[in-house]
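This briefing covers the cores and the helix packing of the model shown below.

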Amino acid sequence: MAKDPFTRRNFIKTTAATTIGVSLASPTMAFHQDKHVKPVRVAVIGTGNRGTSLLRNLLAIDGVEIPALCDLNTDRLAFARKMCVEAGKKEPEVYSKDEYSYKELMDWENLDAVIIATGGASYPSTGSTGDGYRLAESVGHSVIPTRPSLVPLETPGSTAQSLQGLSLRNVSVSLLIDAKKKDAKFGEMLFTHFGLSGPIILSLSRQIVDALNKIKRVIISIDLKPALDDKKLKLRLLRDIEQHGKQRYSSLLRELLPRKLIPVCVKLTNIDGDKLANQISSNERIRLCRWLKDFRFDISGHRSYSEAIITAGGVCTKEVDPRTMESRLVNGLYFAGEVLDIDADTGGFNLQAAFSTGWLAGQSAAG
Ligand SMILES: Cc1cc2nc3c(=O)[nH]c(=O)nc-3n(C[C@H](O)[C@H](O)[C@H](O)COP(=O)(O)OP(=O)(O)OC[C@H]3O[C@@H](n4cnc5c(N)ncnc54)[C@H](O)[C@@H]3O)c2cc1C
């Protein structure tokens, strides 16, 4: 176990001395008055996804009592209290941040474990405002700079905006950073009133946020016809033109594109929409093919933490023992969930990380 410059009591005093002391947010506090003789008393502070997982874990351990619960979110708090009662425990005291008393924390004796499980800084309306980072730093932990991730992107101009609400399925999106292709994703994306969103855009956003922070040029290129290579697409166009030669260009596009995209395509390919299909020149055909495979957007920014599904960065994982989630710097201090420098793609991986680390931290703290 690492050398602990803080005694348990001093740790609480340290945190209480900071203005964010209340940010002992989702910590679980284990009061082992005497592990072998008396029941283990645990106060759960913060009851988010991982907090609830911690709680479930602790409730399953014989001899654990839960005298107190704390969370900023009163619905979660009520749910957590109900869990305790349904598990046959004595009804715990509940505290929201405003009511939270540091003095009370400082006065608690025999505190054996603190679990910081306060989530990240994203969607602060859910209660996660980054308190855990400040708390971790206050006891000597390093915090890898945080930034929004799984976050929608902003585009300049009005093209994306004019397509607001349009969702594209089965498209391939390439990410170009300073003109070099860095990644590609296949799937679904969405146009919004500010730019681009949807699963594949969100999945690319971490790299994009980092590139934008380094003032690099970021381009998203959409391949609207990923199932057709250039040759097949050209043949497909020729066939459409042959079959519908008397149709206007803009009507011909109905065979190829969702309606909302047609005016954008007409404008960006710079082909007269009223032109008959059989009058489209070979150069124009080439232009259309290129555009269908490479519909580009400059990325000018990203949305803020308030719209970011997760937070990248956080408490440095090198300073946490992955076998127990205990701090390598402070004995009895545990971390779980998004407060750590862990972030993953969409698909439930972030929730799984929160549940798994929460389970492990709860088990280790109470065990
Ligand atoms: C809209 C949205 C959709 C998402 N969809 C997915 C998805 O599909 N798949 C996926 O894997 N992940 C998803 N996530 C991310 C996932 O929800 C988080 O990664 C996960 O909830 C992190 O769990 P956590 O317990 O670490 O933090 P949280 O669930 O944020 O819990 C932190 C808790 O700490 C409390 N707290 C914070 N500060 C204090 C304080 N000072 N005092 C008291 N309490 C405090 C908060 O109130 C909160 O209850 C989504 C997130 C959002 C916002």
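**Cores and helix packing**

Val173 touches Ala184, Lys185, Met189, Ile200, Ile201, Leu204, Ile220 and Ile222, leaving aside residues up to four places away in sequence; two residues are in contact if their C-beta atoms, placed from the backbone, lie within 7 Å. This is a predicted model, in which local features need pLDDT of at least 70 and side-chain atom pairs count only at pLDDT 80 or more, while totals for chains, interfaces and linings use all residues. Residues are numbered from 1 along each chain as its sequence is written.

**Overall**
- The protein has 12 helices and 17 strands, taken as DSSP runs numbered from the N terminus (helices H or I, at least four residues; strands E, at least two).
- Of the 367 residues in the protein, 42% are buried, meaning that 20 or more other C-beta atoms lie within 10 Å of the residue's own, with C-beta atoms placed from the backbone (exposed: 12 or fewer; partly exposed: in between).
- Among contacts between residues at least 6 apart in sequence, 72% join residues at least 24 apart.

**Nonpolar cores**
- A nonpolar core is a set of buried Ala, Val, Leu, Ile, Met, Phe, Trp, Tyr and Cys residues joined through C-beta atoms within 7 Å.
- The largest one has 43 residues, and those with the most contacts inside it are Val173, Met189, Leu196, Ile201, Ile208, Ile220 and Ile299.
- Helix α7 (residues 199–213) supplies the largest share of this core, seven residues.
- A second, separate core has 36 residues, including Ala136, Val139, Val330 and Ala361.

**Helix α10 against α11**
- Helix α10 (residues 261–269) packs on helix α11 (residues 282–293) at an angle of about 125°, with their axes 10 Å apart; axes are lines fitted to C-alpha atoms, for helices over the stretch in contact, and angles run from 0 to 180 degrees between N-to-C directions.
- α10 and α11 are therefore oblique to each other (under 35 degrees is roughly parallel, over 145 roughly antiparallel, 65 to 115 roughly perpendicular, the rest oblique).
- Cys265, Leu268 and Thr269 of α10 meet Arg287, Leu288 and Trp291 of α11.

**Helix α8 against α11**
- Helix α8 (residues 230–243) and α11 also pack at an angle of about 125°, with their axes 10 Å apart.
- That makes α8 oblique to α11.
- On the α8 side the contact is made by Asp230, Leu233, Lys234 and Leu237, and on the α11 side by Arg285, Leu288, Cys289, Leu292 and Lys293.
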